[in-house]
Amino acid sequence: MEVQNKTRLLAVPGFDFDNATAESISNAISASNITSNKINPFVVGDIIAFKTVDTSTAGGGRIGVMKILSDTQVVSNNPTARIITVSIKLPKK
């Protein structure tokens with residue numbers, strides 16, 4: 001998974017996504033650690049933190065988490081043609 005804009009990613013194994021709150025996200029994940037523009041490999045169930053960019057409609061520099069719910073190949077002869085379903089938690093400002 002690679003982002004084309006300046007959004008940055010960080011795999012956060014062991015993070016409790018299901019019970020995540022704004023406080024648990026800010027306490028467990030430092031913005032300075034979210035520096036990559038890709039996560040490879042990733043699997044269903046992975047938790048990934050992300051940091052928004054200044055031009056984001058959600059506001060710049062916000063930290064959220066997403067959980068990979070499914071990863072489906074949609075074209076049999078092209079392994080990169082995929083539909084990935086995620087659940088996202090992005091605390092309110």
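This is a predicted model: local features need pLDDT of at least 70, side-chain atom pairs count only at pLDDT 80 or more; totals for chains, interfaces and linings use all residues.

Biologist: What makes Asp-71 and Arg-82 a salt bridge?

Modeller: Their closest N and O atoms are 2.6 Å apart. The label asks for a side-chain nitrogen of Lys or Arg within 4 Å of a carboxyl oxygen of Asp or Glu, so the pair gets the name. The bridge links distant parts of the chain, with Asp-71 in strand S3 and Arg-82 in strand S4, 11 residues apart.

Biologist: How many salt bridges does the structure hold?

Modeller: There are 2. Asp-18 and Lys-67 form one of them, with the closest N and O atoms 3.8 Å apart. That value is still within 4 Å, so the pair passes. Asp-18 sits in the loop between strand S1 (8-11) and helix H1 (22-28), while Lys-67 belongs to strand S3, 49 residues apart from Asp-18.

Biologist: Is Asp-18 buried or exposed, and how do you know?

Modeller: Exposed: its relative accessibility is 54%, and the label needs over 50%.

Biologist: Then what about Thr-52: buried or exposed?

Modeller: Thr-52 has a relative accessible area of 10%, which is under 20%, so Thr-52 is buried. You'll find Thr-52 in the loop between strand S2 (47-51) and S3. Leaving out residues up to four places away in sequence, Thr-52 touches Gly-59, Gly-60, Gly-61 and Arg-62.

Biologist: What makes Val-74, Val-75 and Ile-83 a nonpolar patch?

Modeller: Patch members need over 30% relative accessible area and nonpolar side chains joined within 5 Å. Take Val-75, in the loop between strand S3 (63-73) and strand S4 (82-89). Val-75 has 34% relative accessibility, so Val-75 clears that cut-off and counts as partly exposed. Together the three residues have about 230 Å² of accessible area.

Biologist: Now for the inside. Which residues form the largest nonpolar core?

Modeller: That core has 11 residues, including Phe-15, Ala-20, Ile-25, Ile-63 and Val-65. S2 and S3 are the elements that give two or more residues to this core. Another core, of 7 residues, lies apart from it, with Leu-9, Phe-42, Ile-48 and Ile-68 among them.

Biologist: What does Ile-25 touch?

Modeller: Not counting residues up to four places away in sequence, Ile-25 touches Phe-15, Ala-20, Ile-63, Val-65, Lys-89 and Pro-91.

Biologist: Why would nonpolar residues gather like that?

Modeller: In soluble globular proteins, nonpolar side chains tend to be buried together. Here, 29% of the 93 residues of the chain count as buried.

Biologist: Let's zoom out. In what order do the elements of the chain run?

Modeller: From the N terminus on, they go β-α-β-β-β, and that comes to 1 helix and 4 strands.

Technical notes
Residues are numbered from 1 along each chain as its sequence is written. Side-chain values use heavy atoms; hydrogens and water are left out. Patches are made of residues with over 30% relative accessible area and no salt bridge: like charges are joined within 9 Å, nonpolar side chains (Val, Leu, Ile, Met, Phe, Trp, Tyr) within 5 Å. Accessible areas come from the Shrake-Rupley method with a 1.4 Å probe; for residues, only the protein chains shown count as cover. Buried means under 20% relative accessible area, exposed over 50%, partly exposed in between (1.4 Å probe, protein chains only). Contact means heavy atoms within 4.5 Å. A nonpolar core is a set of buried Ala, Val, Leu, Ile, Met, Phe, Trp, Tyr and Cys residues joined through side-chain atoms within 4.5 Å.
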